Amino acid sequence: MIYASQGWFRIALVACFAWILFVQHAAAQKLRGLAKIDSLQRAEKNLTGTAHVDVLNAIAFEWFGIDDARANTYAEAAFAKSEKLDYTKGKCEAQLYRGLYARFSGDVKGAVSLLKIAISLARELKNKQLEGYALTQLATALKTTGNQDSAFLLFNQSYKILQDSLYPLQLSSLYKNWGLARGRNLQHRQARIYLFRSLAIRQALQEPVLLIDIYLSLSEQFTLESRLAEANQYIKIADSLSRQLDVSSRMTYEVNYQRAVLLMKESKFKEAFELFN
């Protein structure tokens with residue numbers, strides 16, 4: 001079990017509100033999500049062999065949250081090439097991302113199958129980064145099916161692997177998904193601790209899609225607690241960042257969905273139904 005001191009919580013809150021001010025004064029700033037994808041796609045054209053597979057997988061990961069179908073296309077290409085090269089790491093990462101796409105698409109059974117393959121390959125490789133991330137995704141998938149005991153067991157396994165912070169991106173994903181799971185179990189204090197830890201990591205990484213994702217998660221958590229002023233503040237930040245991506249993405253849909261949920265909570269049913277539609 002992870003515990004956080006009041007000092008840590010205050011630091012997270014200060015960091016959060018400092019970031020709120022930054023967003024409000026930098027609405028026109030170009031975030032680097034799409035620029036990073038462009039750079040990887042240029043590099044991909046000049047690579048062959050396992051290096052080409054690694055870049056295909058990297059591009060797949062970057063597209064998640066912006067264009068999940070495109071992410072899956074790159075993951076499928078990475079898997080096919082890995083099979084030809086008998087490149088186990090490439091297959092492992094591609095199966096993980098294919099599993100992630102299946103989960104986002106609502107194919108939980110397919111996601112579980114693919115993620116179990118990814119975990120098995122990661123253990124064969126002794127690749128802690130991929131194993132920890134795949135365990136988090138599998139736990140999240142199982143949680144949606146009601147397998148709470150198995151899900152929390154896997155979250156704990158993932159934490160044992162990722163806790164030394166060698167893999168901050170994967171650790172932030174664990175904290176976020178574990179936090180949401182705690183919140184949905186009405187363990188609100190623990191949920192906030194995990195979510196603010198994820199936020200602190202993602203602020204340091206400065207990845208726009210990941211930031212939108214965690215602000216949406218914080219808005220969801222504060223909505224569960226009926227702390228609607230805070231929930232609205234986080235959805236405003238997520239919306240501002242989403243607009244800066246300047247693309248129609250899953251994040252845009254999720255921002256609108258969370259805004260609609262908040263409007264329902266505020267008994268603004270007409271505005272909520274317009275967003276739901």
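## A partly exposed pair

Glu266 has a relative accessible area of 28%, which makes this residue partly exposed. The model is a predicted one. Lys268 is likewise partly exposed, at 38% relative accessible area. Glu266 and Lys268 form a salt bridge, with 3.7 Å between the closest N and O atoms.

## A pair within helix H5

Glu93 and Lys89 are joined through their side chains by a salt bridge of 3.5 Å, N to O. Both residues belong to helix H5 (residues 88-104), where they are 4 residues apart, about one turn of the helix.

## A pair between helices H9 and H11

A salt bridge of 3.1 Å, N to O, connects the side chains of Lys176 and Asp213. This pair links distant parts of the chain, since Lys176 lies in helix H9 (residues 168-184) and Asp213 in helix H11 (residues 208-224), 37 residues apart. Lys176 and Asp213 are both buried.

## Network and total

Some charged residues take part in a network: salt bridges link Arg192, Glu225, Arg227 and Glu230. The count for the model is 18 salt bridges, with a nitrogen-to-oxygen cut-off of within 4 Å.

Notes:
Residues are numbered from 1 along each chain as its sequence is written. This is a predicted model: local features need pLDDT of at least 70, side-chain atom pairs count only at pLDDT 80 or more; totals for chains, interfaces and linings use all residues. Side-chain values use heavy atoms; hydrogens and water are left out. Helices (H or I, at least four residues) and strands (E, at least two) are DSSP runs, numbered from the N terminus. Buried means under 20% relative accessible area, exposed over 50%, partly exposed in between (1.4 Å probe, protein chains only).
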